[in-house]
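Reader: I am new to this one. Could you walk me through it with a few questions and answers?

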Amino acid sequence: MVLQYGQVWQYLPDFLAGAFVALWIAAVAFAGGLLIGLAGAAALTYAAWPIRALVTAYVRFFTYTPQLVQIFFLFFALPEVGITLSPVAAVLIGMTLNAGAYLTEIERAGFASVPRPELDAAACMGFSRVQTVWYVIAPHVIRALYPALSNHYIIMTLGTSMAAIFGVEELTGRALNANAISFRSVEIFSVVALIYIALTVVASTLLWIVGRALF
């Protein structure tokens, strides 16, 4: 077998555009999941038992079932009841809900690590529970769990490749299109693998820089 990368380089701009789409999907889904996780962790810590039971059921469902199955349900099952989602919307909603479940568990650990004197100070200042979560607990959670949150974002960035199954034109989807035209599978997917490695390295470096600057 003779490798012919010359037939693949013409697709490189398309691959880079797909990489940007992958980063965008991961960033939006992670941001939504982070907010859901904050609300879920607060509910598990402070809410009454019926709400805690609902949040626990949500976390169990989305952490005990594959993310791909969840997106399949949104994309293929919901139209049966009159709800039709675009491929991008189904992927975004599925990844956001899945991330929210995992981040609920991660952030709940952060809630437990908040120093008691900080909570007592918030109570003395008359903070409501919502204000305590937003102004006292959330900054502590982000600072204490920043490495774990960063790792989860990297995992989500790589996980965007499943969007190709639903026809989303992210990096893997564009690689499949290029492969269908050129049939240079080894060359195409080796280049795409290198791009994913570069994405991971760049994202990890940027997250490290942000962490150093903020914390």
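Author: Glad to! This is a predicted model, so local features need pLDDT of at least 70 and side-chain atom pairs count only at pLDDT 80 or more, while totals for chains, interfaces and linings use all residues. Residues are numbered from 1 along each chain as its sequence is written, and side-chain values use heavy atoms, with hydrogens and water left out.

Reader: How many helices and strands are there in the protein?
Author: Helices (DSSP runs of H or I, at least four residues) and strands (E, at least two) are numbered from the N terminus. Along the sequence the pattern reads α-α-α-α-α-α-α-α-α. The count is 9 helices and 0 strands.

Reader: What does the C-alpha trace span, and what percentage of the residues is buried?
Author: Along its principal axes, the C-alpha trace spans about 70 × 45 × 20 Å. Buried means under 20% relative accessible area, exposed means over 50%, and partly exposed lies in between, using a 1.4 Å probe and protein chains only. Of the 215 residues, the buried ones make up 42%.

Reader: Among contacts between residues at least 6 apart in sequence, what percentage joins residues at least 24 apart?
Author: A contact means heavy atoms within 4.5 Å. For contacts between residues at least 6 apart, the part joining residues at least 24 apart is 78%.

Reader: Where in helix H6 does the kink lie?
Author: The bend at a residue is the angle between axes fitted to the seven residues ending there and the seven starting there. Helix H6 covers residues 129–144, and its kink is about 40°.

Reader: Which helices are included in what covers the buried residues of H6?
Author: The buried residues of H6 are Thr132, Val133, Val136, Ile137, Ala138, His140 and Val141. Their cover includes helix H1 (12–46), helix H4 (87–112), helix H5 (116–124) and helix H7 (146–159).

Reader: Is Thr104 buried or exposed?
Author: Thr104 is found in helix H4. Leaving out residues up to four places away in sequence, Thr104 touches Ile36, Gly37, Gly40, Ala41, Leu44, Val55, Tyr58 and Val59. With a relative accessible area of 0%, Thr104 is buried.

Reader: Which residue has its backbone oxygen 2.6 Å from a polar atom of the side chain of Thr104?
Author: In an α-helix there are 3.6 residues a turn, so residues three or four places apart point the same way. The backbone oxygen that lies 2.6 Å from the polar side-chain atom of Thr104 belongs to Gly100.

Reader: Which residues does Gly40 touch, not counting residues up to four places away in sequence?
Author: Gly40 has its place in helix H1. At 8% relative accessibility, Gly40 counts as buried. Beyond four places in sequence, Gly40 touches Val55 and Thr104.

Reader: And Thr157, which residues is it in contact with, leaving aside neighbours within four places in sequence?
Author: Thr157 lies in helix H7. Its relative accessible area is 4%, so Thr157 is buried. Apart from those neighbours, Thr157 is in contact with Leu23 and Ala26.

Reader: What is phi of Phe183 near?
Author: Phe183 sits in the loop between helix H8 (171–182) and helix H9 (185–214), and at 64% relative accessibility Phe183 counts as exposed. Most residues other than glycine have a negative phi. Phe183 is a residue other than glycine with a positive value, near 60°.

Definitions and conventions. Polar contact = N/O pair within 3.5 Å; in protein donor to acceptor, adjacent residues only side chain to side chain.
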